[in-house]
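Please read the following report alongside the sequence and the coordinates. It moves from the chain as a whole to selected sites.

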Amino acid sequence: MKFFVDTADVNEIRSLVETGFVDGVTTNPTLVAQSGRRFEEVIGEICELVPGPVSAEVTATDTEGMLAEGRHLAKIASNVVIKVPLTVDGLKACRILTGEGTEVNVTLCFSAAQAILCAKAGATFVSPFLGRLDDVGETGMDLVHEIVDIYNNYPDFATQILAASIRSPLHVVEAARLGADIVTLPPKVFWQLYLHPLTEKGIASFLADWEKTGQKILEN
Ligand code: G3P
């Protein structure tokens with residue numbers, strides 16, 4: 001399973017990269033707005049920090065506009081992935097950009113039927129939004145389960161399942177159990193993955209007992 005980071009905050013990404021666990025980055029217009037920075041500049045910096053796929057989302061809503069924006073953004077760096085919305089126009093743009101050799105992440109997937117269309121359009125990634133389904137009283141993880149089952153039936157479907165709108169470590173664990181290819185993690189959730197109160201408690205008691213021995217592993 002790969003870990004992408006879901007943020008446009010370059011400082012956060014820099015700290016996360018140091019852990020050695022970052023395989024890619026996803027951004028969206030909301031995250032870019034939160035960064036308060038110029039879109040192209042932020043994407044360029046992220047692409048230098050992370051050699052893996054970096055998703056940059058178009059804002060046009062028609063195919064021609066998406067193609068123009070996607071081709072422009074793809075020039076920023078060779079690891080830019082163009083993110084398009086799951087609409088008729090978005091999937092037309094997906095097919096064309098994919099044909100040109102640009103990787104595409106189809107975002108805002110909320111149904112298995114939509115995920116089938118993504119695979120047929122040749123998307124590199126499909127992003128089912130788990131948390132937002134949970135928010136409206138559905139079980140987001142059921143969607144990942146359905147997509148995994150369906151894609152397993154068709155070995156020629158090469159689209160990778162990128163579980164998005166992740167809100168907790170439980171989402172990460174469940175997505176892994178189901179076999180999602182990637183999870184994209186908000187930095188807060190990434191850091192939460194390390195935590196367990198028994199780990200902290202265990203360290204404290206080992207150190208207290210070690211203190212009683214009066215020893216040091218390195219004498220100088
Ligand atoms: O980047 C897309 C997705 O992960 C957004 O998550 O928390 O805004 O639903 P969220």
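Predicted model: local features only at pLDDT ≥ 70, side-chain atom pairs only at ≥ 80, totals over all residues.

Residues are numbered from 1 along each chain as its sequence is written, and side-chain values use heavy atoms, with hydrogens and water left out.

**Overall chain**

The secondary structure comes to 11 helices and 8 strands, where helices (H or I, at least four residues) and strands (E, at least two) are DSSP runs numbered from the N terminus. Along the principal axes, the C-alpha atoms fill a box of roughly 70 × 40 × 30 Å. Of the 220 residues in the chain, 45% are buried; buried means under 20% relative accessible area, exposed over 50%, and partly exposed in between, with a 1.4 Å probe and protein chains only. The chain exposes about 11,700 Å², of which carbon and sulfur atoms supply 55%, with areas from the Shrake-Rupley method and a 1.4 Å probe, and with only the protein chains shown counting as cover for residues. Among contacts (heavy atoms within 4.5 Å), residues 24 or more positions apart account for 57% of those with a separation of 6 or more.

**Ligand site**

The ligand is surrounded by Asp6, Asn28, Lys83, Phe129, Arg132, Ala164, Ser165 and Arg167, a residue being near a molecule if one of its heavy atoms lies within 4 Å of it.

Taken alone, the ligand exposes 310 Å², and the protein buries 83% of that.

**Two threonines in loops**

Thr27 is found in the loop between β2 and α2 (29-35) and is buried, because its relative accessible area is 1%. The side chain of Thr27 reaches the backbone oxygen of Ser55 at 2.7 Å. Not counting residues up to four places away in sequence, Thr27 touches a set of residues including Thr7, Ala8, Phe39, Ser55 and Lys83. Thr124 is found in the loop between α6 (112-120) and β6 (125-128) and is buried at a relative accessible area of 14%. Leaving aside neighbours within four places in sequence, Thr124 is in contact with Glu103, Val104, Ala158, Thr159 and Gln160.

**Positive phi values**

Most residues other than glycine have a negative phi. Leu108 has a positive phi near 65°, lies in strand β5 (residues 104-109) and is partly exposed, with a relative accessible area of 31%.

**Surface**

Phe21, Trp191, Tyr194 and Leu195 make a nonpolar surface patch of about 440 Å². Phe21 is found in the loop between α1 (10-17) and β2 (24-26), and Phe21 counts as partly exposed because its relative accessibility is 42%. Asn152 is found in helix α8 (residues 140-153) and is exposed, with a relative accessible area of 59%. The C-alpha atoms of Asn152 and Met1, 151 residues apart along the chain, are separated by 16 Å.

How values were computed. Patch = residues over 30% accessible without salt bridge, like charges linked within 9 Å, V, L, I, M, F, W, Y side chains within 5 Å. Salt bridge = Lys/Arg side-chain N within 4 Å of Asp/Glu carboxyl O. Polar contact = N/O pair within 3.5 Å; in protein donor to acceptor, adjacent residues only side chain to side chain.
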